[in-house]
Amino acid sequence: MAFKTLDEFLGDSLDLPAKCTDGEVRTFHIASPDAENGLKVERLMEIGIQLAADPEAEPDAAALDDVAELNLYRAALGATYDDALAQLPWASFRVMALTASLWITQGIEAAEKFWNAGGDPSQMGPANRAERRASSRAAKSTPSRASRSGTSTPPATARARKATRT
């Protein structure tokens, strides 16, 4: 069996429909970035996540210097950047650029969830009641670490009694 060519199954572009400032809905085609820009987008996203987790932390100055000239949105949107900037209101442009960034760094499923949540991470949970119930049931059916529903050793007192009888 031979390896398939990556582009046969990876998907090298993202098509996002958005309502433009003229009221028309257009689909913006975002091509996969070249490797250098993809790596820069990943590094900027990592820095952002680190700063969000610890606002008191000092950002990695060397990493920021390496990408200081890089605009995250421009790198993520590539050739679509100018067209999207000219045709979209700010909120839509921002969600589109962040969706592309997630697509680059985390894959199509994360990007799709973010896009369908309107760019609001708090809305990225289970979409409907059935999904919420299923996820709640799964959480309840998973034994906790301290659960006695799995295998466990007998209490120490039983061992002590058995040892004294022999």
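Trainee: Before that, what should I know about the model and the numbering?
Mentor: It is a predicted model, where local features need pLDDT of at least 70, side-chain atom pairs count only at pLDDT 80 or more, and totals for chains, interfaces and linings use all residues. Residues are numbered from 1 along each chain as its sequence is written, and side-chain values use heavy atoms, with hydrogens and water left out.

Trainee: OK. How many helices and strands are in the protein chain?
Mentor: There are 8 helices and 2 strands. Helices (H or I, at least four residues) and strands (E, at least two) are DSSP runs, numbered from the N terminus. The order from the N terminus is β-β-α-α-α-α-α-α-α-α.

Trainee: What share of the residues is buried?
Mentor: Of the 166 residues in the protein chain, 26% are buried. Buried means under 20% relative accessible area, exposed over 50%, and partly exposed in between (1.4 Å probe, protein chains only).

Trainee: And what share of the contacts links residues 24 or more positions apart?
Mentor: That share is 48%, taken over contacts with a separation of 6 or more. Contact means heavy atoms within 4.5 Å.

Trainee: Strands next. How many bridges join S1 to S2?
Mentor: 7 bridges join S1 (residues 13-19) to S2 (residues 25-31), and the strands run antiparallel. Two strands pair if DSSP finds at least two bridges between them. Lys-19 stands opposite Val-25, and Ala-18 has Arg-26 as its bridge partner.

Trainee: Which residue of the hairpin takes a positive phi?
Mentor: Gly-23, with phi near 90°. The hairpin has 5 residues between the strands.

Trainee: Which face of S1 is covered?
Mentor: The covered face has Leu-14, Leu-16 and Ala-18. Ser-13, Asp-15, Pro-17 and Lys-19 form the uncovered one.

Trainee: Switching to helices. How do H5 and H6 cross?
Mentor: The axes of H5 (residues 90-106) and H6 (residues 108-116) come within 7 Å and cross at roughly 160°. Axes are lines fitted to C-alpha atoms, for helices over the stretch in contact, and angles run from 0 to 180 degrees between N-to-C directions. H5 and H6 are therefore roughly antiparallel. The cut-offs: angles under 35 degrees count as roughly parallel, over 145 as roughly antiparallel, 65 to 115 as roughly perpendicular and the rest as oblique.

Trainee: What residues meet there?
Mentor: H5 brings Val-95, Met-96, Leu-98, Thr-99, Leu-102, Trp-103 and Gln-106, and H6 brings Ile-108, Ala-110, Ala-111, Phe-114 and Trp-115. By class, the contact of H5 with H6 has 10 nonpolar, 2 polar and no charged residues. Ala, Val, Leu, Ile, Met, Phe, Trp, Tyr, Cys and Pro count as nonpolar, Asp, Glu, Lys and Arg as charged, and the others, Gly among them, as polar.

Trainee: And how do H1 and H5 cross?
Mentor: The axes of H1 (residues 35-53) and H5 come within 9 Å and cross at roughly 100°, so the two helices are roughly perpendicular. Gly-38, Val-41, Glu-42 and Met-45 of H1 make the contact with Ser-101, Leu-102, Ile-104 and Thr-105 of H5. That contact has 4 nonpolar, 3 polar and 1 charged residues.

Trainee: Is Thr-99 buried or exposed?
Mentor: Thr-99 is buried, with a relative accessible area of 1%. Not counting residues up to four places away in sequence, Thr-99 touches Leu-14, Leu-16, Ala-111, Phe-114 and Trp-115.

Trainee: What about Trp-90, buried or exposed?
Mentor: Trp-90 is exposed, at 55% relative accessible area.
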